[in-house]
Amino acid sequence: MKFWIFMLVMNLLTPLVMIIYGRVFEKKPPKIARSKFEFGYRSVMSMKNEETWEYANRFFGKLWFRFGIAVGLISIIVLFFFIGKDKDTIGFAGMIICYVQLAAMLLPAIPTEISLRRRFDKYGNRKDK
């Protein structure tokens, strides 16, 4: 049971980070990153100017927050099916959950880039509607 609790806590760290940083990016996006040591949603399109940077970070933050909640709940539900199992089974389930969480961390980049390209031209200027 101790290993199951340990695996639960470890598998909830990723969704927790997604929820916290998602909310922070959505409400108060970081200043535009000009060096490789700063953080934020960084892509070629998002770093065109201040407007694209703020839009991308807010959009990505909203998605990360929502994905973090969903992944956290799914992780808890899935791990409940493994209560009382042996360490190898719990460890394998925890590893699979971790891989799914990794995919969920990266997946919001796709809709963010699509949204950026719909809203801004290739130079970072807002498209007129």
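The expected span of a helix is 1.5 Å times one less than its number of residues, and helices here are DSSP runs (H or I, at least four residues) numbered from the N terminus. The model is predicted, so local features need pLDDT of at least 70 and side-chain atom pairs pLDDT 80 or more, while totals for chains, interfaces and linings use all residues. Residues are numbered from 1 along each chain as its sequence is written, and side-chain values use heavy atoms, leaving out hydrogens and water.

**Exercise 1. Check the span of helix 2 and look at its start.**

Step 1: Helix 2 covers residues 50–80, which is 31 residues. Step 2: At 1.5 Å a residue, the helix should span 45 Å. Step 3: Its end C-alpha atoms are 44 Å apart, which agrees with that expectation. Step 4: At the start of the helix, a side-chain oxygen of Asn49 comes within 2.9 Å of the backbone nitrogen of Glu51.

**Exercise 2. Find which residues form the largest nonpolar core.**

Step 1: Recall that a nonpolar core is a set of buried Ala, Val, Leu, Ile, Met, Phe, Trp, Tyr and Cys residues joined through side-chain atoms within 4.5 Å. Buried means under 20% relative accessible area (1.4 Å probe, protein chains only). Step 2: The largest core has nine residues: Met18, Tyr41, Met45, Tyr55, Ala56, Phe60, Trp64, Leu116 and Phe120. Step 3: Helix 2 gives the most to this core, with four residues. Step 4: Another core, of six residues, lies apart from it and includes Trp4, Met7, Leu79 and Ile97. Step 5: Ring pairs (centres within 6.5 Å) link Tyr41, Phe60 and Trp64 into a cluster.

**Exercise 3. Is Glu113 buried or exposed, and what does its side chain meet?**

Step 1: Step 2: Glu113 counts as buried because its relative accessibility is 16%. Step 3: The Glu113 side chain makes a polar contact with the side chain of Tyr41, at 2.6 Å; such a contact is a pair of N or O atoms within 3.5 Å, where within protein one must be able to donate a hydrogen and the other to accept it, and residues adjacent in sequence count only if both atoms are side-chain atoms.

**Exercise 4. Describe the surroundings of Asn57.**

Step 1: Asn57 lies in helix 2 and is buried, with a relative accessible area of 0%. Step 2: A polar atom of the Asn57 side chain is 2.8 Å from the backbone oxygen of Trp53. Step 3: Not counting residues up to four places away in sequence, Asn57 touches Phe25, Glu26, Pro29, Pro30, Gly40 and Tyr41, with contact meaning heavy atoms within 4.5 Å.

Notes:
Helix = DSSP H or I, 4+ residues; strand = E, 2+ residues; numbered from the N terminus. Phe/Tyr/Trp six-rings, centres within 6.5 Å; stacked < 30°, edge-to-face > 60°. Buried < 20%, exposed > 50% of the residue type's maximum accessible area, 1.4 Å probe, protein only.
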